[in-house]
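Subject: Handing over the model

Dear colleague,

I am passing the structure on to you with this message, and my notes on it follow below. Please read them with the coordinates open beside you.

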Amino acid sequence: MALRAAGRQSLVDTVVEQLRTQLAEGEWAVGDRIPTEHELAEQLGVGRNTVREAVRVLVHAGLLESLQGNGTFVRSTADPAAVLRTMRHAGALDVLELRVALEAEAARLAAVRREPGDLERLHEALRVLRGEGDRAADADMDFHRAVVESTHNAAFVEVYRFFSTQVHEVLVEALGDREMPPIDLETHRALVDAIGAGDPDAAERVARRLLQEPIDAVSALLADR
């Protein structure tokens, strides 16, 4: 099978996509050693330098791992970039509903695990948000990241960091639309208070309330279209 560059894609990009497809389709399982650079070059009908560069891209993406003297192994078949591309096609309502699931649990954990430094950061994030106003998407995003990081759950923080790119885009789009409600600053303050009081039930309740108004607004806008 000799690959050719497709359209504006370089040959390296074409090989990257081919290898991504083979990983997604289960050609190799996690832990498997993939064929050597020489074997892949022969199979794909491209030069070894092209294969080397494509493998480097997939190593950087976390799908492969090269071990000196042992070969290249599959570390994951789930491509984070593909997940992100899919999320970029999700609508505002989809993203807000996912935020509820993540942030309600984050608020519960933060109320139980927060440390003095976390509370200082939350109060500072709230102060900045108040200063920048109820349409400040960047400051709002910083506030919610501070809540999630107060959970001290590394997996939670990493998932939210990955997800927050999409959250940010939705916030910028939504808050720039005057049909959307402004950021509810008082409910943000109530969330800090609940986390500070160490009350997980109240923190979850407030986190859900915080997102319900934008969910209702988006639902109404979609119903009118």
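In which sense do β1 and β2 pair, and over how many bridges? The two strands pair in the antiparallel sense, over four bridges. Within this pairing, L64 has V74 of β2 as its bridge partner, and S66 stands opposite T72, which also belongs to β2. Three residues lie between the strands of this hairpin, and G69 takes a positive phi there, near 85°.

The mean pLDDT of the protein is 86, with 88% of the residues scoring at least 70. Among the elements, helix α9 (residues 185–196) has the highest mean pLDDT, at 96, whereas α4 has the lowest, at 64. Where pLDDT is low, the predicted coordinates should not be read in detail.

Turning to charged side chains, the count of salt bridges comes to 15. One of them joins the side chains of E65 and R75, with a distance of 2.2 Å from N to O.

A second salt bridge is formed by the side chains of E103 and R99, at 2.7 Å from N to O. These residues are four apart in helix α5 (residues 92–113), which is about one turn of the helix. Are they buried or exposed? E103 counts as buried, at 6% relative accessibility, and R99 is buried as well, with a relative accessible area of 3%, where the cut-off for buried is under 20%.

The side chains of R127 and E124 also meet in a salt bridge, with 2.7 Å between N and O. Here the two residues are three apart in helix α6 (residues 116–132), and are thus separated by about one helical turn. R127 is exposed, with a relative accessible area of 52%, whereas E124, with 37%, is partly exposed. Besides these pairs, there is a network of salt bridges that links R108, D201, E204 and R208.

Which residues does V147 contact, once its neighbours within four places in sequence are left aside? They are A107, A110, L122, L191 and I195. In soluble globular proteins, nonpolar side chains tend to be buried together.

A29 lies in the loop between α1 (11–24) and α2 (37–44), and is partly exposed, with a relative accessible area of 40%. Although A29 and S76 are 47 residues apart in sequence, their C-alpha atoms are 8.3 Å apart in space. The other position is H152, in the loop between α7 and α8 (154–175), which counts as partly exposed at 41% relative accessibility. H152 is not a glycine, and yet has a positive phi of about 55°. Most residues other than glycine have a negative phi.

With best regards

Note on methods:
Residues numbered from 1 in each chain as written. Predicted model: local features only at pLDDT ≥ 70, side-chain atom pairs only at ≥ 80, totals over all residues. Heavy atoms only, no water. Salt bridge = Lys/Arg side-chain N within 4 Å of Asp/Glu carboxyl O. Buried < 20%, exposed > 50% of the residue type's maximum accessible area, 1.4 Å probe, protein only. Pairing = 2+ DSSP bridges. pLDDT = per-residue confidence, 0-100. Contact = heavy atoms within 4.5 Å.
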